[in-house]
Amino acid sequence: MNSKLIKELPDLLANDVISQEVASKIEDYFLNKQDQTPNRLFTVFGVLGSLLVGLGIILILAHNWDDFARSTKTFLAFLPLVIGQCFVAFSIWKKKSNAWKESSGTFLFFTIGSSIALVSQIYNIPGNLSTYVLTWIVLSLPLIYLLKSNAVAILNMIAITYYACEVGYSFGSFGESPWLYLVMMALIAPHYYRLLKHHKNANMTSIFNWLFPLSLTIVLGAFVDQLSELGFLMYLLLFSLLYNIGKIPFFDEQKLRRNGYLIFGSLGIVIMILTMSFDGFWYLERFFFNAQETYVSTILFIANLGLLIYSYSKGWLKTFNLFQYIFVLFSMLYVFGLNIPIIGTIAVNLMVLALGITTIKIGADKFHFGILNYGLIIITALVTCRFFDTNMSFVIRGLLFVFVGLGFFLTNYIMLKKQKSRVESLKH
Amino acid sequence: MKRKHIFILFILVAIAQIAVPAQMIFGRESILKSGTAFKFKTEPVDPSDPFKGKYIILSYDVDNVKTDDKDWQRQQDVYISIANDSLGFVKAISASIEIPKVGDFVKANVNWYSERDNILRFSLPFNEFYMEETKAYDAELAHRKAQRDSLPNNTYALVYIKNGDAVLNNVFINEIPIATFVEK
């Protein structure tokens, strides 16, 4: 963007929009700014290089060289590890740039994994994949803080999520709940907190803003044990929590694409509720309170409520937004309306409709076409779902579609007009 | 934090990073040096692993034992007492939850218990044998071919055992190491 502006300068000068003095000032400003962030590209390529070399080494060693003696193989298992450690030691000791630290850290991360893998290969140690990944994480996690490395943090987060899936969603045998996942995520959290505090607007921070909710969304299902009926409630409460986090002014004031919490939360809530709006969903077979799922749901509910009360006390809840409160309605519905399908279905359908209208209103208030149409899409999805599972006559269904279609045209048209008149009024 | 402190901390982490695989090696080397060697009759099949490379899974002939204990749970650790039969291959004698005080034994995992004929099925943990990637599948074929000749089952795994812990050293077909047998 900077260079684009600099390219525009001669044009602006020629058309007498700015003076020569202003032009050179702008140029100076951007050149200075560029000097402060010199080797970002270098870091990216360094990390990418290390990533590929590290993965390559794992593959080469996995060939399993029969011709080498066991001692040679053992030596080869440690060689990359020691080289990686030397690079890291060098970049710490010589206080090298971020590019050095990120790349050497990434390389070391992979060599840790390859050395353990090779040793188990040499001695035919039967592999339990989750234990292997866990050892790998424990040995590489300190590097995040010693090197202040984002790349190692991201790799660890991926590994931790993978570990949780391996433990929690094991196919065939019984899955266990990956409690250690929470501990390890908590160990990465300080790094993320530091990023949020000191580099609020960095691109790296927004990558974490997406990865954190993504990882939580993937793993939450692993905590579903026997009472899978409550899984839906757990996910809805998680998405609601993510949405409420995304609504904290710290995140809400940033660009929408940087706010993974809000987008995850909003999409999640809509998809969950749409799924539950089907008639067949509400015939639940059993329900009991003394289960792991109940406790997890309770904790998530309290977290939601706590965050909401905190937001209220801080004066952040200026306008009413149904998305932020839907979890209360929904939890009540889940606990009380379980065996009365007709109530559950009707209530949920009304909720989706209300959410759609809420979204359209937010879009209209903010003059944001994206949000406006997102609200319309929610309603369209609702209508489409009902198209399949109700016994309404074709005429009524057809009319519904026509109305929603007209809604698309009208709302967009009205907003476009409003925007034009606003621009006009700003001009005068 | 000062650079010196970070550096010292890193050295500690680096030592741990080396210590974990090193400790794995020492444990196995000590079993190979001072453990007892046993021959387990086996059959290889060919799966793969994303990180560690190709291996063959060994399914052992010794996979059940008669026992009167009835209280078994899936995946539970069990100690199997073993001895050699007249041909020099391993046979299972008894199973117990506690470590046996006399004789040789090996740690295994409970599969299931059949109350009808009082037989406990178990799986031995040393069932992965790593091979060069081109050879793993050939090994399975070679075993199948060797199976067709006169001797009933001539494929066995050489396993070193010490205090119940085992290290799989090699797999033989007709007394020839499987990697060499495949090359022929």
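1. The contact between the two chains, in what is a predicted model, draws 33 residues from chain B and 33 residues from chain A. On the side of chain B that touches chain A, at least two residues come from each of helix 1 (3-34), strand 3 (53-60), strand 9 (128-130) and strand 11 (165-173). Helix 1 of chain B gives the most to this side, with 15 residues. Sorted by class, the side of chain B that touches chain A holds 21 nonpolar, 3 polar and 9 charged residues.

2. Chain B also contains an open sheet of 5 strands, with antiparallel pairing, in which the strands follow the order 4-8-7-5-6. Strand 4 (64-66) and strand 6 (90-96) of chain B stand at the edges and have a single partner strand each, so that one side of each is left without a neighbour in the sheet. From one strand to the next, the twist averages 45°.

3. Within chain B, one pairing can be followed down to individual residues, namely that of strand 7 (residues 104-114) with strand 8 (residues 119-123), which run in the antiparallel sense and are joined over 5 bridges. For Ser114(B), the bridge partner in strand 8 of chain B is Ile119(B).

4. Turning to chain A, helix 3 (residues 40-62) and helix 5 (residues 98-122) pack with their axes 8 Å apart and at an angle of about 10°. Since angles under 35 degrees count as roughly parallel, helix 3 of chain A and helix 5 of chain A are therefore roughly parallel to each other. The contact of helix 3 of chain A with helix 5 of chain A comprises, by class, 14 nonpolar, 11 polar and 1 charged residues. As for handedness, the crossing of helix 3 of chain A and helix 5 of chain A is right-handed.

Note on methods. Residues numbered from 1 in each chain as written. Chains lettered and ligands numbered in written order. Predicted model: local features only at pLDDT ≥ 70, side-chain atom pairs only at ≥ 80, totals over all residues. Axes fitted to C-alpha atoms, helices over the stretch in contact; angles between N-to-C directions. Helix = DSSP H or I, 4+ residues; strand = E, 2+ residues; numbered from the N terminus. Parallel < 35°, antiparallel > 145°, perpendicular 65-115°, else oblique. Left-handed = near helix turned anticlockwise from the far one by under 90°. Nonpolar A, V, L, I, M, F, W, Y, C, P; charged D, E, K, R; others polar. Contact = placed C-beta atoms within 7 Å. Pairing = 2+ DSSP bridges.
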